[in-house]
Amino acid sequence: MAYILSLVVLALCTSLAVTMAASNTLNLARAENMETSFSAQVAAESGLAFMLQSVAAAKLPEDTDYDTLMSNLAGALGEVMNDTENLGQSVVSSSESTVTIPTITFDNAAFDCVVSRLGPDSEGYQQVRVSVVGTSGSMSRKVSLDMQLKAVPPGAFAYGIATKGTISMSGNAKLRSMGSADDANVFSAAFATTVISANGNPELDGDLYLCTDNIAAVALTGNVEIGGETDIDEILISHTHLGQDEPEFPELDLSPFPALAVNVLSKKVSNNKTLNNVYVPANLNPMFNGNTTINGIVYIEAPNKVKFNGNLVLNGFVITEDGSDLPISGNEITFNGNLSVPGISALPDTAEFAAVKAYEGTAILAPGFGLKFSGNNSGINGMIAADQLTFTGNSTVGGELTGTILGLKDLPMTLSGNTEITINRQDDDSIPAGFKCSAKLNIVPNSYAEYAGQYGVTASDQ
């Protein structure tokens, strides 16, 4: 009986051991499958994050449409991805309706990506779907996200003043905002011992933004008011933002403008003169005395020194030839009298000005030139941009400066004396005349999707 009982117990133990071994093997297989499945999901999510970063860095031409979207996107992504360690010898390719990213492998996983054209949405914006298949071992997982193509204004347009050079405010200089205080924010991309200085009684409704992370580069003395704060220590703590990424400064397109200026100027301009669509030849160095009214465009070749000594009413805008390769000392535009820029909205609806009226949003665009303002300005309807800008004396821009003041080069910008500039920013995202705009793909909210089932190693089934 003892022998028989021992055999029974041994049989039971053996059976339990076999069952436990089988259960452990099954659990191990399940764990390995879960790990592989999770690894495939992580690969898909990592691939999507990588693609979003790459697509965000891709700049497409502003005129990208349904027919050119995929080829333009493939070219832009190729500039970002080709000849990188991620792709090796492979390259981004495209067809009429898709852009394909070669397999990218990392650790024991990989992902494949296809960007597919979806067509316009209800608002007319072109859309694409970014589909990513992550693989690990025999497992694969798929995720996707839709993106919408929109023209995006350069980041520098978000500031009241944005310059690549230093900024100096002194005397009673003021930068006001008619709307949000953020409209009067000031940005400098310069790296110098002193990047932004303010002394005397300057007032700034917005905050200070700098690329440098050196707080000593901000020099504040006197009765300074910034962001509504007068305590200098508090200004440096709460209203000074260091280590900022440089925003995108716009590229320029000056090609349409010379042909619009059909009336070539002679050297001397008499008093009380009205001029239409003026062309200023190089080295003319004209002086506008007395009361002058200019309708339409003023196109100025480089080099040139142009002075407006009397009152000027500009029913249009000023555009210069790009004089960036010439010494800025020979390229100057000076406004000594009272300046009023109603802009193209004041032009009559006649054939003479029809072409000019197609260009909106810019008051003065002067690459390679220095601008000097010392008179009383009753309003400037449009953006001001030049390599160097100086506001002195009683220069006042009252409530009609509807865009950013841009410093295009690493040259000092000065606001001194009784200068007062008030920003009245517009709500639309239109691009001012003479500036290029890139189109970018932006995430469509609530479009993220995960797909059930097993997928192959490519995303071509999208």
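This report walks through a predicted model, from its overall dimensions down to single residues.

## Ground rules

Residues are numbered from 1 along each chain as its sequence is written, and side-chain values use heavy atoms, with hydrogens and water left out. Since the model is predicted, local features need pLDDT of at least 70 and side-chain atom pairs count only at pLDDT 80 or more, while totals for chains, interfaces and linings use all residues.

## Overall build

The protein has three helices and 33 strands; these are DSSP runs numbered from the N terminus, with helices being H or I of at least four residues and strands being E of at least two. Its C-alpha atoms fill a box of roughly 130 × 55 × 40 Å along the principal axes. The radius of gyration is 31 Å, whereas a compact globule of 462 residues would come in near 23 Å. That radius is taken over C-alpha atoms, and the globule rule is 2.2 Å times the number of residues to the power 0.38.

Of the 462 residues, 47% are buried (buried is under 20% relative accessible area, exposed is over 50%, partly exposed is in between, with a 1.4 Å probe and protein chains only). Take the contacts (heavy atoms within 4.5 Å) with a separation of 6 or more: 57% of them are between residues 24 or more positions apart.

## The nonpolar core

The largest nonpolar core has 57 residues, and Ile 294, Ile 333, Ile 364, Leu 371, Phe 373 and Leu 415 have the most contacts inside it. Strand 25 (residues 362-373) gives the most to this core, with six residues. For the record, a nonpolar core is a set of buried Ala, Val, Leu, Ile, Met, Phe, Trp, Tyr and Cys residues joined through side-chain atoms within 4.5 Å.

Zooming in on Leu 371, and skipping residues up to four places away in sequence, its contacts include Ile 333, Ile 364, Ile 384 and Leu 389.

## Buried polar spots and cysteines

Asn 277 sits in strand 18 (residues 273-280) and is buried, at 2% relative accessible area. Beyond its neighbours within four places in sequence, Asn 277 is in contact with several residues, among them Asn 263, Asn 295, Glu 352 and Phe 353.

Ser 136 belongs to strand 4 (residues 126-136) and is buried too, at 7%. Its side chain makes a polar contact of 3.1 Å with that of Ser 39. A polar contact here is a pair of N or O atoms within 3.5 Å; within protein, one must be able to donate a hydrogen and the other to accept it, and residues adjacent in sequence count only if both atoms are side-chain atoms.

As for cysteines, Cys 113 is buried at 1% relative accessibility and Cys 211 is buried at 10%. The structure holds zero disulfides (a disulfide being a pair of cysteine sulfur atoms within 2.5 Å).

Most residues other than glycine have a negative phi, and most peptide bonds are trans. Asp 83 has a positive phi near 60 degrees; it lies in the loop between helix 2 (69-81) and strand 1 (93-94) and is exposed at 76%. Asn 285 has a positive phi near 50 degrees, lies in the loop between strand 18 and strand 19 (287-288), and is partly exposed at 36%.

There is also a cis peptide bond joining Ala 302 and Pro 303, with omega about 0 degrees. Pro 303 is in the loop between strand 20 (292-300) and strand 21 (304-308).
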